[in-house]
Amino acid sequence: MVRFDDEFSGLMSVDVVKLDLEGGEHNALRGMEKTLAAHRPVVVCETADWLPQQKDGPGRVALFNYMASLGYEVAAGFAGDTVWRYVG
């Protein structure tokens, strides 16, 4: 497995990130923490109802808390996805 930050560290701009990883979203976001801090993109992430029942990873609350710790707030939600925007 490769971290986003390691593989794509030379990107000039990241405006939007869309993730649908069947429960792996939190791990993927942790792997792009430097990118999120540097570019502050809008993040669209699946947070379907099944996420709290995961056995092998953090649940929905942990994911929301993690995004808040990075300075993101929920901007919208639709069809099982959540849209976060950076607010500082």
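The model is predicted, so local features need pLDDT of at least 70, side-chain atom pairs count only at pLDDT 80 or more, and totals for chains, interfaces and linings use all residues. Residues are numbered from 1 along each chain as its sequence is written, and side-chain values use heavy atoms, with hydrogens and water left out.

Start at strand E4, residues 81-86. Helices (H or I, at least four residues) and strands (E, at least two) are DSSP runs, numbered from the N terminus. Strand E4 runs antiparallel to E3, and six bridges join them. Two strands pair if DSSP finds at least two bridges between them. The hairpin of E3 and E4 has two residues between the strands. There, Ala 79 takes a positive phi near 45°.

Now look at Asp 81, which is found in E4. Is Asp 81 buried or exposed? Asp 81 has a relative accessible area of 15%. Buried means under 20%, exposed over 50%, and partly exposed in between, with a 1.4 Å probe and protein chains only. Asp 81 therefore counts as buried. Leaving out residues up to four places away in sequence, Asp 81 touches Lys 18, Val 44, Cys 45, Glu 46, Thr 47 and Ala 76. Contact means heavy atoms within 4.5 Å. The side chains of Asp 81 and Lys 18 are also joined by a polar contact of 3.3 Å. Such a contact is a pair of N or O atoms within 3.5 Å; within protein, one must be able to donate a hydrogen and the other to accept it, and residues adjacent in sequence count only if both atoms are side-chain atoms.

Next come the rings. A search of the whole structure finds three aromatic pairs. Rings of Phe, Tyr and Trp (its six-membered ring) pair if their centres lie within 6.5 Å; planes under 30 degrees apart count as stacked, over 60 as edge-to-face and the rest as tilted. One of the pairs is Phe 64 and Trp 84, edge-to-face, at 5.2 Å centre to centre and 65° between the planes. This pair links distant parts of the chain: Phe 64 sits in helix H4 (residues 60-69) and Trp 84 in strand E4, 20 residues apart. Phe 64 is partly exposed at 23%, whereas Trp 84 is buried at 1%.

Tyr 72 and Tyr 86 form another edge-to-face pair, 5.6 Å centre to centre with 75° between the planes. Tyr 72 lies in strand E3 (residues 72-78) and Tyr 86 in strand E4, 14 residues apart. Tyr 72 is buried at 5%; Tyr 86 is partly exposed at 29%.
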